[in-house]
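Hello,

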Amino acid sequence: MKKQIQENTLKLLIKETGLDEPSVEFSQRLAHQVVTSYHFRRTSAARYKKHEWVGKVIIFLLIALNGLMLVKLNPFQTQPVLCWSIGGFILAFCCVVVWIKKRTALP
Amino acid sequence: MAKQEPDNEDHYLELATRGNREGLEYLVGAYRSLAYTIAIKILCNREDAEEVVQDAFLKAFAALANFNRAAKFSTWLYRIVYNTALTKRSSRPAASSALDEFTESMLMADNKDGLATLHRADRKKFVDLALSRLRQEDRVIVTLHYIAEKSIAETGAIMGLKSSAVKMRLLRARKQLETGLEQLLTNELNDIR
């Protein structure tokens, strides 16, 4: 025991004794929670997927009508500076949203 | 810890992605101990470690469909556990450092019970004590490299460090562990005498 602890011995010692086991209750609870939440997500995702197209149509109609309004009003001619400012703001906002999404995404 | 066969892992991962209960339970069972070990090495507290493991597993399995298999599932999962544990630790650093000291003092108190031989449980106490004296990052590196048997590159990927930094810290941790264990075992021998 007094001998110098060699690297291999150290590796074996750590491998053999370094693992911490969670309690049985926790392990069972964890497995149950993972399975339950996974199934809940899958079933709710499947349920909402059926109605996804309705939302897409509504968003498309809203964007199309807004675009039509912009074309009719033609604000670029009357207030070009204001239009560029709003455009710049929207672009910057989108960039920030993308950056935050990337930062908070799982590795 | 049961070593994972890559084919086996892929098979169960495929099952889990399809929502198969057996696949999900296999993955949880295969990685929970190591995930818990990583969390406890960072937080030094059982309750916090359990909370972190639970959070990390729920996050990982919620995003399982997005797992692109560029890395091993275990590497991906341990990275989530590591990041979740760091976030948890940063939310209450004072409590965690106090618990570090608490753990060490409890272990020291336990070790004074004049032991004739060093059984497995006793060896674990010494290893835990020696590990608790390392820096938090070094402790995780030792755990990932020696216990989880992750390569230097994988350890670096989990912790967001370069391979050279992992190598350097591993060398430093090993030296500290050797010194620490030698010192602890000498003290123990003196106590027995």
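Two residues are in contact here if their C-beta atoms, placed from the backbone, lie within 7 Å. This is a predicted model, in which local features need pLDDT of at least 70 and side-chain atom pairs count only at pLDDT 80 or more, while totals for chains, interfaces and linings use all residues. Residues are numbered from 1 along each chain as its sequence is written, and chains are lettered from A and ligands numbered from 1 in the order in which they are written.

Chain A

Chain A has five helices and zero strands (DSSP runs, numbered from the N terminus: H or I of at least four residues for helices, E of at least two for strands). Its C-alpha trace spans about 90 × 40 × 20 Å along the principal axes.

Helix 2 of A against helix 2 of B

Helix 2 of chain A (residues 24-49) packs on helix 2 of chain B (residues 21-43) at an angle of about 140°, and their axes are 10 Å apart. The axes are lines fitted to C-alpha atoms, for helices over the stretch in contact, and angles run from 0 to 180 degrees between N-to-C directions.

From chain A, A:Ser27, A:Leu30, A:Ala31, A:Val34, A:Val35 and A:Tyr38 take part. They meet B:Arg21, B:Leu24, B:Glu25, B:Val28, B:Gly29 and B:Arg32 of chain B.

Buried residues make up 7% of the 107 residues in chain A (buried: 20 or more other C-beta atoms within 10 Å of the residue's own, with C-beta atoms placed from the backbone).

Regards

How values were computed: Buried ≥ 20, exposed ≤ 12 C-beta atoms within 10 Å, placed from the backbone.
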